Amino acid sequence: MRLETLAVHSGAQADEETGALSPPLHLATTFLHAPDGTQDHGYLYQRYGNPTQHRLEQALAALDAGERALFVSTGMAAASTMLQALPSGSQVVFQDDLYHGVRALAQQWLPRWGLRARFVDATDLDALREAVTPDTSCLWIESPSNPLMKVVDIAAAAGVAHEVGALLVVDGTFATPALQQPLTLGADVVMHSATKYMGGHSDVMGGALVFARDAEHANSAWEIRKLHGATANPFAAWLVMRGLRSLSARMRMHCENAAIVAQALARHPGVEAVHYPGLDSHPGHTLAARQMRGFGGMLSVQVHGGREKALHVAGTLQLFQCATSLGGCESLVEHRASVEGPEPTSPQNLLRLSVGLEHPEDLVADLERALA
Ligand SMILES: *Cc1c(COP(=O)(O)O)cnc(C)c1O
């Protein structure tokens, strides 16, 4: 079945007891078992696994073409669960343009877990090859990346990782499985912040790990979720599952709107650079066209006039509201350097846009007024 069909039907079998088409929300923390502990119904305790989450995990595995999926409380819980599943003493190679929370984990916490972090420009395959060693257990990339929208060749990165026996993990939050399926390109694990497009309505947090193979690292991640308690509330699983039903339709419109916004910005004299993989001028355009079904709803723009002008534009926009996060129906703008902590890595004149589902001409008019 194709993705649009899977998004509507995976994990969506009618409730056997009532015939309800909308999946039941099971809030139970504990489940009946036999006196000797046999799990008659397949569940023991909510933190280990629960029926609502199980349905969502079936859908997540199907959408990303994986053998197994784990849903956890947040995207960061997914990242730390995966990283903690890696063998102590090993090296993890991260892409340099990286979600700032994962960067903070890598820099501040990996050493405490006995892991060494190294950063590399993953768009440069020679640099990538040079960075991995036989001690590398994991290569961690983001494509498209946050916030510079760099596009990494996932199949080539998988080749580099596998040469040294490392796993390739792809943070696929910006693309979602509707636009990109890293496991079909050779990645071993795809990680998502389900808080973003999967939930899609800025009202639920969640994270996912989808594994190409139900292998040892998938079991370790399952154990870590259980023991560290990263399990999500079943209501969060239920809301993310509802979001998945409309994911492909929403992503199509996010892509259309973002393309119109990106083109309008690229023409504007007040703009220094637009980072959107859908533009011919983007260095990763050809690659993105090959490995993605669409270019997504995220873009970033560098304005003439530095930090001051960027802050002025963000403050003048009306439809694009100043808020962090992304992937909801409403358009958002954020001056990333201001929210990245004491050592920001984003350029000071950069604004990140999450292009929502409003009419694209209203969004363009809003930007043109603010840039004037
Ligand atoms: C938001 C985000 C995360 C973290 O997810 P949370 O759900 O906020 O914990 C990780 N990676 C990317 C690319 C993100 O945008």
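**Reading the model, feature by feature**

User: Let's begin with the loop between strand S4 and helix H6. Which proline residues lie there?

Analyst: Keep in mind that this is a predicted model. Proline 144 sits in the loop that runs between strand S4 (136-142) and helix H6 (154-163), and proline 147 lies in the loop between S4 and H6 too.

User: What is the peptide bond from serine 143 to proline 144 like, cis or trans?

Analyst: Omega is the angle to read. From serine 143 to proline 144 the bond is cis, with omega near -10°. Asparagine 146 and proline 147 are also joined by a cis peptide bond, and there omega is about 0°.

User: Now phi. Where does serine 202 lie, and what is its phi near?

Analyst: Look for a positive phi in a residue other than glycine. Serine 202 has one, near 55°, and its place is the loop between strand S6 (189-193) and strand S7 (207-211). Serine 202 is partly exposed, at a relative accessible area of 45%.

User: And what about serine 325: what is its phi near?

Analyst: Serine 325, a residue other than glycine, has a positive phi near 75°. You'll find serine 325 in the loop between strand S10 (321-322) and strand S11 (332-334). With 26% relative accessibility, serine 325 counts as partly exposed.

User: On to strands. How many residues of strand S1 are buried?

Analyst: Buried means under 20% relative accessible area. In strand S1 (residues 68-72), five of the five residues are buried, so the strand is largely enclosed by the rest of the structure. Check each face as well: Arg68, Leu70 and Val72 are buried on one side, and Ala69 and Phe71 are buried on the other, so both faces of S1 are covered.

User: Which strand do bridges join to S1, and does it run parallel or antiparallel?

Analyst: That's S7: five bridges join S1 to S7, and the two run antiparallel.

User: Last topic: salt bridges. How many does the structure hold?

Analyst: The general idea is that side chains of opposite charge can pair when their charged atoms come close. This structure holds 16 salt bridges. One of them pairs arginine 252 with glutamate 4, whose closest N and O atoms are 3.1 Å apart. That pair links distant parts of the chain: arginine 252 is in helix H10 (residues 247-267) and glutamate 4 in helix H1 (residues 3-9), 248 residues apart. Glutamate 4 is partly exposed, with a relative accessible area of 26%.

User: Which residue forms a salt bridge with aspartate 153?

Analyst: Arginine 290 does, with the closest N and O atoms 3.4 Å apart. Here too the pair links distant parts of the chain: aspartate 153 is in the loop between S4 and H6, and arginine 290 is in helix H11 (residues 285-291), 137 residues apart. Arginine 290 is exposed, with a relative accessible area of 61%. Watch for shared partners as well: salt bridges of that kind join Glu334, Arg336, Glu340 and Arg352 into one network.

Definitions and conventions: Residues numbered from 1 in each chain as written. Predicted model: local features only at pLDDT ≥ 70, side-chain atom pairs only at ≥ 80, totals over all residues. Heavy atoms only, no water. Helix = DSSP H or I, 4+ residues; strand = E, 2+ residues; numbered from the N terminus. Buried < 20%, exposed > 50% of the residue type's maximum accessible area, 1.4 Å probe, protein only. Pairing = 2+ DSSP bridges. Salt bridge = Lys/Arg side-chain N within 4 Å of Asp/Glu carboxyl O.
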